[in-house]
Structures are given as structure tokens and as C-alpha cells.
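This briefing covers helix packing, the ligand site and backbone geometry. The structure comes first.

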Amino acid sequence: MPFAKRSLGQNFLQDPNTARRIVAALEIATGDHVLEIGPGRGALTEWIIAAGPARFQALEKDRELARTLPDRWPSLEILAGDALEHRWESLDAPFYKIVGNLPYNIASPLIWDFVSRARNYGRAVFMVQYEVARRLTAEPGFGDYGALTAWVRNFAATSLLFKVGPAVFRPRPKVDSGVVLFSPLAKRPDPALAERLAKLLHGCFQKRRKQLANILKSQWEDGVGQWFAEQGLSGTLRPENLSPRHFLGLAERFGDHFFA
Ligand code: SAM
């Protein structure tokens, strides 16, 4: 077995019970197409095969592992390549299920892209660093709530399923992990609105300690202040106090004017 590559975030899961629980959360049904990100040495793969999906593809960047996996599971279609460059737009039906024990160094950008670019899917289950799991599932007003939270939650409902300690991996990571479930929302921003929302979120959360009336001061007198009043929101609030839907509403009404 080749050595684990730190550059590819390879912490391999050793505990069959954790693997079984992650795959069970995907609720694979007959006819489902499963896409696994980073199958590695196959800890989850084995359970996915056992669930009997109609089609099973896996994206693996490590060429050595990508070459050997089909010897063990001939029905597995390996897409050797980088998940960060995957065309998520090709997912466009509720029978797609996506799963992965994600390499921690790419989890946030990958989830950012995935939720916003996949057109439709049934559900996704990702294991990520626990701190990221908390950000993905935080409520407004809490310290973990940030741009990633408000972005993801305009596209998907999220829930933290369970926490996983470092002892079940080889090599052991230094931190805890969390398993998060994603279910796409029926109504999601289109690409043009999503672009405005991304700009607004980055601009606001770069100054997360400041009050919104201050962050948005150049547009405040041009209707933004009035919009806040109409929503019953005070300009003294900070970005972490605004809900995902409030950010979307702002981007929809004034998006072109923010942080141009
Ligand atoms: N699923 C296995 C498990 O649970 O033991 C491996 C998980 S390991 C944390 C992450 C896996 O993602 C590794 O197999 C690694 O090679 C792969 N990987 C890392 N970066 C990747 C990328 N950009 N695209 C696709 N796979 C990647």
C-alpha cells in the first residue's frame, strides 16, 4: 500500500462503523447514481457498492490509487482528476447522490462550488473538519456563522449528523471531523444572482466586526437604509446577524451596486 500523501489530505478512515453510518445517511435507493469524491483506499466505496446503486462513479486525484481501485471493484467508474475542476452542472436529477470524506484542505472551496453549480441532486453527505461542519450548519448570530454559511444555505439545507474523533483515521488528523448532510433547496439563486451574492458576502464578512450601515455606507442613502428599515433590521447589526435570505434579498435588490 503506498504511503499516505499529506498534500492530498489523505487521512484514511479505518472504522467500518463510521463508514457504514456515512453511507447510510446517503439513503441509496435502486436507480440512484452515486458520485464519491476521493475514494482513497475504499473505506466508503465498499459500503456504497453493497448498497447497489445503478451507477457508481468516483473522482480521485491520486493517480496511483485511481489505477488500483477498479481491480478491486470492476463496476466502479473512476474519473481520475481534480474534484475542484469537476463540472458540477452535469448533476441535474434527484437520483444523483454525492458523498465523500473530503480532503480537509479543499473542503470549503469544493462545497462552495458544488452547492451553487450542481443543478439538481437528491442529497450529499460530506465528512469535513469539525470546525467547517459547524460553519456549514451555524445559525445567524453565532460565531461560526460566516460567508460560507450564508452562501451554502441559500442553495441547500444542512444538518450536522455526527462528530468523528481523530482515532478512527490513519494517519490521525489533529482535529475532530463532522459529517454534514446537504439537501438542495427547491428555489436557488440563478448564476447571475449567485455572482452578486458572492460579492456581497465576501465584502461584508471581510469586515465582520463592523456595523452594516458602515460597511454599506456608500449605498446606505440610496435605498439600502430604507430596505433595512422595511425588513425591521437595524443598521447597527453586524454581518453575522443577517440571515442567508436577507443577504439574498439585498443582493437581489442592490447587487450591482455593492463592492463594484
Ligand atoms: N474516502 C477515503 C476514506 O474515507 O478513507 C479517503 C479519504 S481522504 C480524507 C481524501 C481522498 O481525497 C484521498 O483519497 C485523496 O487522494 C483524495 N483527493 C485529494 N484531493 C483531491 C482532489 N482535489 N480531487 C479528488 N480527490 C482528491
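Which residues in H9 meet which residues in H10? Asp222, Gly223, Val224, Trp227, Phe228 and Glu230 in H9 meet His246, Gly249, Leu250, Arg253 and Phe254 in H10, where contact means heavy atoms within 4.5 Å. The model is predicted: local features need pLDDT of at least 70, side-chain atom pairs count only at pLDDT 80 or more, and totals for chains, interfaces and linings use all residues. Residues are numbered from 1 along each chain as its sequence is written, and side-chain values use heavy atoms, with hydrogens and water left out.

**H9 and H10**
- The contact of H9 with H10 has five nonpolar, three polar and three charged residues (nonpolar: Ala, Val, Leu, Ile, Met, Phe, Trp, Tyr, Cys and Pro; charged: Asp, Glu, Lys and Arg; polar: the others, Gly among them).
- Helix H9 spans residues 217-230 and helix H10 residues 244-254; they pack at an angle of about 145 degrees with their axes 11 Å apart.
- Axes are lines fitted to C-alpha atoms, for helices over the stretch in contact, and angles run from 0 to 180 degrees between N-to-C directions.
- Helices (H or I, at least four residues) and strands (E, at least two) are DSSP runs numbered from the N terminus.

**H7 and H10**
- Helix H7 (residues 191-205) packs with H10 at an angle of about 115 degrees, and their axes are 9 Å apart.
- On the H7 side the contact is made by Leu193, Arg196, Leu197, Leu200, Leu201, Cys204 and Phe205; on the H10 side, by Phe247, Leu248, Leu250, Ala251 and Glu252.
- By class, the residues of this contact are 10 nonpolar, no polar and two charged.

**Ligand site**
- The ligand is surrounded by 21 residues (one heavy atom within 4 Å), and the closest are Gln10, Leu13, Glu60, Asp82 and Ala83.
- An N or O atom in the side chain of Gln10 is 2.8 Å from an oxygen atom of the ligand.
- A polar side-chain atom of Asp82 lies 2.8 Å from a nitrogen atom of the ligand.
- A polar backbone atom of Gly38 is 2.8 Å from a nitrogen atom of the ligand.
- Of the 590 Å² of accessible area that the ligand has on its own, the protein covers 98% (Shrake-Rupley method, 1.4 Å probe).

**Backbone geometry**
- Most residues other than glycine have a negative phi, and most peptide bonds are trans.
- Arg170 and Pro171 are joined by a cis peptide bond with omega of about -15 degrees.
- Pro171 sits in the loop between strand S8 (169-170) and strand S9 (177-184).
- Glu27 has a positive phi, near 50 degrees, and is placed in the loop between helix H1 (16-25) and strand S2 (33-37).

Methods: A polar contact is a pair of N or O atoms within 3.5 Å; within protein, one must be able to donate a hydrogen and the other to accept it, and residues adjacent in sequence count only if both atoms are side-chain atoms.
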